[in-house]
Amino acid sequence: MDVLPTEILIDILSRLSVNSACCIRCVSKVLLKTVDDLSFATLHMRRLPDVHQVPRLIRLVEPTFDVHKMYPLKYDGIDFTKSSHAIVSEFVSSLRWYKPNFVFYNLFGFTGLHTKKGRSCLLVNPFKGEVLMLPTTNDLQIPINSLCNGDTYGMGFDNITNTYKIVRVSCHEKDINTQMAAEVFILGTSSWRELPSVPPCHLTQKSACAHGDMHWLVRGDGHDSSYVRILSFDFKKEEFYWTPHPATSQKMPDMFDFVNLLNFRGSLTLVDASSSTDMKIWELKNYDNKEWVLNYIIDMQQHPSLRYLKGTLVMCRTLFYVCGEWEHGIFFNQDNFILFLDVTRVIVSSVRLKGSTVHSCTDSMISLKKYGDLVQAEQDIESLISEESYENLTKTAEASGRDVVYLRTQMETACIS
């Protein structure tokens with residue numbers, strides 16, 4: 001391989017899967033330097049949507065004293081298993097309570113809000129133990145003490161400028177009016193930039209990144225839950241637009257609660273369980289022509305788990321709020337259970353998992369250390385878990401006026417409970 005011209009070698013390597021590209025780093029110093037170069041990771045990302053990847057499952061444990069713990073799981077069709085060499089990432093913030101907001105490949109976005117210090121966003125790569133705190137500087141002037149209804153985020157890759165972008169939509173109260181604003185942040189820069197246009201309605205947490213764009217499932221006119229629409233964001237044009245879908249014309253009470261979006265096998269997918277008899281799974285097969293294909297119809301009458309969950313509105317609201325892709329189909333988070341649907345064999349199974357949620361992601365060559373100063377890992381994070389230590393940490397951070405994030409990563413073997 002040493003005799004190959006550099007451009008040909010890079011072209012070959014960029015077509016490998018993430019796992020193969022990572023393994024080949026061990027062959028020689030030349031290949032190590034080539035694969036670790038930022039330009040290679042960018043080229044690999046441009047071709048990654050065309051490479052089929054088996055999704056990975058990540059368990060997010062409900063935080064204790066704001067300590068977030070996350071690690072990969074495997075589902076064998078019966079129960080969860082955890083690798084004996086699983087990388088466990090834990091991080092804790094001194095000022096803000098963070099919650100998961102979005103997933104982009106192997107990056108998890110956590111967002112936080114503090115009444116005096118404002119908003120913040122963390123990017124976490126649980127497989128490399130990397131945490132990057134994004135800048136808080138922006139063009140948008142929102143009073144820190146204003147009533148904020150929460151921010152909605154999304155992340156994507158602009159293959160024209162070869163940059164990673166994060167879009168943020170904010171709603172806040174000013175006097176008696178609700179104002180909406182949209183911003184974009186380019187990974188590696190120092191501030192957010194306000195966009196000239198805002199979405200035509202309020203966004204929701206039901207979202208998916210697919211076909212290079214970000215997509216949100218929204219209530220019909222922003223408030224009416226009897227029908228749903230898909231609002232999308234083009235990261236290249238930095239514009240919002242509507243994406244038509246097969247359930248647009250359907251109306252029923254609380255329909256929003258029975259529909260969700262996800263990236264399934266590389267395509268934008270709509271899961272529709274609004275019918276009393278079946279669940280329909282639609283795939284946006286042709287993105288340019290917005291052509292949807294009905295890939296699966298699941299008879300809910302034959303599956304007691306689906307029928308039981310479908311019969312209770314409160315449970316369905318939870319069931320269809322967080323879903324994702326696993327190796328053989330789609331899974332749903334439901335209270336202390338994870339419901340797995342094998343779309344090929346049409347088998348439904350469930351696993352009990354207390355105090356956690358499960359999310360899916362796929363691999364990429366992205367390394368956050370290329371885009372800023374990472375949060376340095378601490379060896380004594382366990383001392384932060386005690387209530388007394390946590391209170392002292394918070395007081396110190398309040399006095400200094402800055403947020404402090406502690407990180408610990410380690411190889412761990414633990415039982416699944």
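This is a predicted model: local features need pLDDT of at least 70, side-chain atom pairs count only at pLDDT 80 or more; totals for chains, interfaces and linings use all residues.
Me: Which residue stands opposite Trp292 in strand 20?

Reply: Strands of a sheet pair through backbone hydrogen bonds, either parallel or antiparallel. In this case, Leu284 is the residue opposite Trp292 of strand 20. Strand 19, covering residues 278-286, pairs with strand 20 in the antiparallel sense, over 8 bridges.

Me: Where is Asp272, and is it buried or exposed?

Reply: Look in strand 18, residues 267-272. Asp272 is buried yet has no salt bridge. A salt bridge needs the charged atoms within 4 Å, while Lys280, the nearest side chain of opposite charge, is 6.0 Å away. The side chain of Asp272 does make a polar contact of 2.6 Å with the side chain of Ser274.

Me: How many residues lie between strand 21 and strand 22 in their hairpin?

Reply: There are 2 residues between them. Strand 21 and strand 22 (residues 329-334) run antiparallel and are joined by 4 bridges. Cys323 has Phe332 of strand 22 opposite.

Me: Which way do the residues of strand 21 point?

Reply: In strand 21 (residues 323-326), Cys323 and Glu325 point one way, Gly324 and Trp326 point the other way, and all are buried.

Technical notes:
Residues are numbered from 1 along each chain as its sequence is written. Side-chain values use heavy atoms; hydrogens and water are left out. Buried means under 20% relative accessible area, exposed over 50%, partly exposed in between (1.4 Å probe, protein chains only). Two strands pair if DSSP finds at least two bridges between them. Lys and Arg count as positive and Asp and Glu as negative; His and the chain ends are not counted. A polar contact is a pair of N or O atoms within 3.5 Å; within protein, one must be able to donate a hydrogen and the other to accept it, and residues adjacent in sequence count only if both atoms are side-chain atoms.
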